[in-house]
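Here's a quick tour of one protein model. Have a look at the picture below, then read on.

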Amino acid sequence: TLKDEIDIAMEPMLNQLLKDAKALSHGQHKVTLHKEANVNIRGSYNELFSAMSNLTSNAVRYTPEHGSIDIFWQMQDEQVVFSVQDTGIGIESQHLPRLTERFYRVDSGRSRDTGGTGLGLSIVKHILQHHQAILKVESEPGQGSRFSIIFPAQRVLGA
């Protein structure tokens, strides 16, 4: 168990993630929240906010102007899923298995443009391990990406 584990009210957290993504976008993207599940989860607020925020800010950074970013909170069987879908540059399949390695970059040009450290997704993966959650990445070059955090049933609380 995590020492700072609490019951997290997801609605305020999701609204904050939406607000932050919109602020980062400066109105250049259509950012939408789809809250389809009325459930909360148990975990470390700071860790989970950091992981989710990493996924939403990456989506904004890697999506060209006029693109869209959709944030989802939905049930999938007994599990709850937080996902961020973008219409960004996408990632080629050979890079997907390595995305969560420390300092791994899809190409060095990307980092210069966006100022990342290459640590983001490895930190996300580490946080998710604490929560028995998994990160699923689906992407098509030129079509965008969808990053999903799948939380196990034992983390899901009724609303």
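**Strand β7 and its partners**

Strand β6, covering residues 134–140, pairs with β7 in the antiparallel sense, and seven bridges link the two. Keep in mind that this is a predicted model.

**How covered is β7?**

- β7 is mostly covered, with eight of its eight residues buried.
- In a regular strand, side chains alternate between the two faces of the sheet.
- You can follow that along β7: Gly144, Arg146, Ser148 and Ile150 point one way, while Ser145, Phe147, Ile149 and Phe151 point the other way.
- Whichever way they point, all of these residues are buried.

**The largest nonpolar core**

- The largest nonpolar core has 36 residues, and the ones that touch the most other members are Met52, Trp73, Phe82, Ile149 and Phe151.
- Which elements each supply at least two residues of this core? They are the helices α1 (10–25), α2 (45–61) and α4 (120–130), plus the strands β2 (30–35), β3 (39–44), β4 (68–76), β5 (79–86) and β7 (144–151).
- The largest share of this core comes from α2, which gives seven residues.
- Zoom in on methionine 52: leaving aside neighbours within four places in sequence, this residue is in contact with Met10, Met13, Leu17, Ile41, Trp73, Phe82, Ile149 and Phe151.

**An open sheet of three strands**

- Now find the open sheet made of three strands, in the order β1-β3-β8, with antiparallel pairing.
- Why is one side of β1 (5–8) and of β8 (156–158) left without a neighbour in the sheet? Both stand at the edges and have a single partner strand each, so one side of each has no neighbour there.
- From one strand to the next, the twist averages 30°.
- β3 and β8 run antiparallel and are joined by three bridges.
- Asparagine 40 has leucine 157 in β8 as its bridge partner.
- α2 packs on this sheet and touches β1 and β3, with its direction making about 110° with that of β3.

Definitions and conventions:
Residues are numbered from 1 along each chain as its sequence is written. This is a predicted model: local features need pLDDT of at least 70, side-chain atom pairs count only at pLDDT 80 or more; totals for chains, interfaces and linings use all residues. Side-chain values use heavy atoms; hydrogens and water are left out. A nonpolar core is a set of buried Ala, Val, Leu, Ile, Met, Phe, Trp, Tyr and Cys residues joined through side-chain atoms within 4.5 Å. Buried means under 20% relative accessible area, exposed over 50%, partly exposed in between (1.4 Å probe, protein chains only). Helices (H or I, at least four residues) and strands (E, at least two) are DSSP runs, numbered from the N terminus. Contact means heavy atoms within 4.5 Å. Two strands pair if DSSP finds at least two bridges between them. Axes are lines fitted to C-alpha atoms, for helices over the stretch in contact, and angles run from 0 to 180 degrees between N-to-C directions.
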